Amino acid sequence: AVTVAASIPGPLPRSASAPVLQEPRPQDFYGFLRDYREVPLAEFSRDRAPEVLRVRDLTDATFQQLVRDGTPFVVDDCTKGFDAGAISEFQCKDFADRWPSGNMRAEYTPGQYHIFLKDPTWYSKIEPQRSHKEHMAEDRKIAGPYIWHVKDEEPLKTKREVQQHWRTPYFLRPSLANRMEANESFEFWFSMAGGGTFAHADAYCETTISMQFRGSKRWRIQSFPRVRHFLNATSFGDEQIYDGKQHVKWAPEAEVTVGPGQCIVFPTGYLHETYVDPAENSDGCFTASTFQFNHPRQVNLYRAYLSSFSMSHYGAMEPCVDNMKTYATLFSQADFTRRPSAESMRQEAEALMVQVDKDGDGRLSHGDLYATFCSDVARRRNVMGASGFYYSWVRLLSPAQLRELEEEAMKVWSEDALQYHDIDKDGAVSTEELAASLLQWNVAQYRLRVMREAAGSAGAPKKWLKQVLMEETTLLKNHFCEAGAQCPEANELAAYGHELRGDDARLKATVHRIAGVFGADGGGAEEELTMVDRETGAANR
């Protein structure tokens, strides 16, 4: 099993008997937020906010656990060991001189126009575009960054030339997959003092690293807001959380500065805004690189917040939730899109325990999982294919490297699967924990199927609303609220539905917005929804 430094707290243990749609508070999941108290944006103070975890000399075991837990953290010695030829030593003009035909996008400009690297404007002239009072720059206009997508928008020749100067952070090097993914997925961000980004959640399913080469950048971050029902489904694109346009407000939990040679590692869904503050940077152009890595997967994060993720672009449009399938189901062939049934999922869990529990002790261990799913050629190939370990760069590997990747993948998968289900953190998986995970997956998949089918009646908004309210109310009563107890969340949903029925414009905007979550036109619709305090669950409009 993976161990982690005892001084770094992680998610608190949870009970398998809790309703499967209930999700932990940020304070109970993220160790650095244990004593956090949410305050309105107007009262936010970096000095009083929790401190983001900062590490150096990061061990592989600690790194792996932080990633599985979905913990954001800063590595202060991220570029340790980089040589003089590393791209981290390049100034903006060096990029222009070496790759003049490079083509990059100017964020937040009309049409997000493209510009060639040879054009000196981008690294010599600041071009503020617009401001937002909720951004940390306040009333000052910020200039969007220039983003050079080397990974997928440049000729292969250019990409290979840049890779000659790319250096992978030391804590990723033990993993062949992480070395390869970092080398194949990087992009560069160029900003002058006064540049930045508005609050948003990236679309990536994997953990992301932003490595700062020159200049310092301020980051404000907020964990992915809980989404209780599909009427609050959203994608949290640029600026969408500002001005009360979503069911939660922009309420950053922490602020951290990332300077030269440092990097911030952040999980799927963590909202963030950035600012290259002129007060902390001299005139000039500053460089950073963003990239992803594959191993391990963020299994504890996805297990804890599966319901919320499934009601966002991560479940409805991106493959992020689907990527958890083999962990959540242990390759069960049950139909998880059928109407949720706790009894059926309990029976499925018991059948899986008989299959996987090799030593018959009634608990699944890492050894049980490895022996069952990773011990022979056919099963290993099944894990590789079904769990997405055949990455796009696999064709670049030698036979020996392919064997290395396969064994690495088996170790990652078996530990990931164990931690996904081990929600009480005792190092093994009980029948109760497995049954709870299966039921949670069943609810999420059923809900997604129902919403996709409901799209057929989206042209008749009130009919659509009636169907959605009926299904969502049933799910909240059966799988969010305690059995036999009152369900104020269902009552709140009913009240919100009543408001929508009486306002055709708001109802159409809601249908339009949710269609956007599923990839249809409409992701940018602005709709003010029920505001929910993340700590107390109290609602206001």
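**Stop 1: a helix pair**

Helix α12 covers residues 342-356, and the two pack at about 130° with axes 8 Å apart. Axes here are lines fitted to C-alpha atoms over the stretch in contact, and angles run from 0 to 180 degrees between N-to-C directions. Helices are DSSP runs of H or I, at least four residues, and strands are runs of E, at least two, numbered from the N terminus.

This is a predicted model: local features need pLDDT of at least 70, side-chain atom pairs count only at pLDDT 80 or more, and totals for chains, interfaces and linings use all residues. Residues are numbered from 1 along each chain as its sequence is written, and side-chain values use heavy atoms, with hydrogens and water left out.

Now show side chains. Contact means heavy atoms within 4.5 Å. From α12, the residues that meet α16 include Met345, Ala349, Leu352 and Met353. Their partners in α16 include Leu434, Leu438 and Leu439. The contact divides into nine nonpolar, two polar and four charged residues. Ala, Val, Leu, Ile, Met, Phe, Trp, Tyr, Cys and Pro count as nonpolar, Asp, Glu, Lys and Arg as charged, and the others, Gly among them, as polar.

**Stop 2: α17 and α18**

Select 461-479 and 488-501. Helices α17 and α18 pack at about 175°, with axes 9 Å apart. That makes α17 roughly antiparallel (over 145 degrees) to α18. Leu465, Leu469 and Leu476 are among the α17 residues in the contact. Ala490, Leu493 and Leu500 are among those of α18.

Color α17 by burial. Buried means under 20% relative accessible area, with a 1.4 Å probe and protein chains only. Its buried residues include Trp464, Val468 and His479. The buried residues of α17 pack against α16 (431-454), α18 and α19 (504-517).

**Stop 3: Arg380**

Go to α14, residues 377-386, where Arg380 is found. Is Arg380 buried or exposed? Arg380 is buried, with a relative accessible area of 13%. Beyond its neighbours within four places in sequence, its contacts include Tyr370, Glu406, Glu407 and Met410.

**Stop 4**

Most residues other than glycine have a negative phi, and most peptide bonds are trans. Select His295 and Pro296: the peptide bond between them is cis, with omega near -10°. Next, Phe236 has a positive phi, near 50°. Phe236 is buried, at 1% relative accessible area. Finish at Asp57, whose phi is also positive, near 50°.

Note on methods. Angles under 35 degrees count as roughly parallel, over 145 as roughly antiparallel, 65 to 115 as roughly perpendicular and the rest as oblique. Buried means under 20% relative accessible area, exposed over 50%, partly exposed in between (1.4 Å probe, protein chains only).
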